[in-house]
Amino acid sequence: MTYSEKNPAPEAKGLKRSRPYIMLGMIVVVLLIYLFVPSVNQAVKRMLTPLSSGRVDAVIEYLRSYQGYAALVSAALMVLSSVLAPIPAFLITLSNSVIFGWWKGALLSWSSAMLGAALCFWIARWLGRNAAEKLAGQTVLRGVEQYFEKYGSKTILICRLLPFVSFDAVSYFAGLTPMKFWPFFLATGLGQTPATIVYSYVGGQLSGGAQKLFIGLLTLFALAIFVTILRGLWQAGNSSDQAKATPAEVGEVNTVNETSAHGEIPSHTETDLAMRDAAAKPAHSEAPADAETALRDKSDEQR
């Protein structure tokens, strides 16, 4: 039984039955808008191009093209990066620090990431585990679940301080637990503050090769997420295999014990009885002989 099954989240009455229809309706609406609204289609393609390139200068150029609306577009991208795992959020954070200055960029990145975390939490709380697995990935979500099993209510703060733990997966899984929203929101705000300040300040000061090195290190941290998750899943698989093997071994031991109980013990009991009979027979046979000897000695004395 998983952590979320042991600790189910509260849900509204009748919501469980309507979840598949809500998910299907959302998917259909998004697809229709993307396919039949040319401006939306072009905007999505234009947005994904700089983000998929992995270059900070491309993201900066993209945001600056919106001029006065750059902050709103940046916030929308950050929320989208929280909901959809493949979008690298640190590129947006570094771009914000360059465009708006390190502290204004940090404030923008922090507040928009908080909005994205809240959205992930309520998506999981309203639509359930299936929706969370489709958005965050089943493997990633199972990896985060191990942190919840280990740290319990402190998981949010701990995971926000770890740069290699998926931000959106933690938010999604928190929505699947009985955790209330405000403790989750507060722990998220406190936990992500140090990383946001570091990324904004250091990223805003660097340029050229140093900036590329910094981005490379962040990319390594992102890759560490998958390594950690795969390692955890491998250990969990070995533990489950051992757990499955243990009852079988115990059953074999019990079978041997039962065989011994029904087979060997009676044989030992019969042997013990035979030995007792053998020891008792000489005693009974010698007793009469001793009595006859005593009678003869007595008769001799009388004579």
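Q: What share of the chain's contacts between residues at least 6 apart in sequence join residues at least 24 apart?
A: The share is 74%, where a contact means heavy atoms within 4.5 Å. Before going on, note that this is a predicted model, in which local features need pLDDT of at least 70 and side-chain atom pairs count only at pLDDT 80 or more, while totals for chains, interfaces and linings use all residues. Residues are numbered from 1 along each chain as its sequence is written, and side-chain values use heavy atoms, leaving out hydrogens and water.

Q: What makes up the secondary structure of the chain?
A: The chain has 13 helices and zero strands. Helices are DSSP runs of H or I with at least four residues, strands are runs of E with at least two, and both are numbered from the N terminus.

Q: Why is helix α11 called largely enclosed by the rest of the structure?
A: A residue is buried under 20% relative accessible area, exposed over 50%, and partly exposed in between (1.4 Å probe, protein chains only). In α11, residues 167-175, eight of the nine residues are buried, so the helix is largely enclosed. Among them are Tyr172 and Phe173. For the chain as a whole, buried residues make up 32% of the 303 residues.

Q: How do you know whether Cys159 is buried or exposed?
A: Look at its relative accessible area, which is 3%. Buried means under 20%, so Cys159 counts as buried. Cys159 sits in helix α10, residues 155-161. Leaving aside neighbours within four places in sequence, Cys159 is in contact with Tyr147, Val165 and Val170. Val170 is itself one of the buried residues of α11.

Q: Why does Leu84 get a label of its own, and which one is it?
A: Leu84 has a relative accessible area of 32%, so it is partly exposed. You will find Leu84 in the loop between α5 and α6. Not counting residues up to four places away in sequence, Leu84 touches Leu135 and Asp168. The C-alpha atoms of Leu84 and Ala169 are separated by 9.6 Å, although these residues are 85 apart along the chain.

Q: What makes α5 roughly antiparallel to α6?
A: The axes of α5 (residues 70-83) and α6 (residues 89-100) come within 9 Å and cross at roughly 160°. Angles under 35 degrees count as roughly parallel, over 145 as roughly antiparallel, 65 to 115 as roughly perpendicular and the rest as oblique. That makes α5 roughly antiparallel to α6. By class, their contact has seven nonpolar, four polar and no charged residues. Here Ala, Val, Leu, Ile, Met, Phe, Trp, Tyr, Cys and Pro count as nonpolar, Asp, Glu, Lys and Arg as charged, and the others, Gly among them, as polar.

Q: Which residues of α4 meet α6?
A: They are Val56, Val59, Ile60, Leu63 and Arg64. Their partners in α6 include Leu91, Leu94 and Ile99.

Note on methods. Axes are lines fitted to C-alpha atoms, for helices over the stretch in contact, and angles run from 0 to 180 degrees between N-to-C directions.
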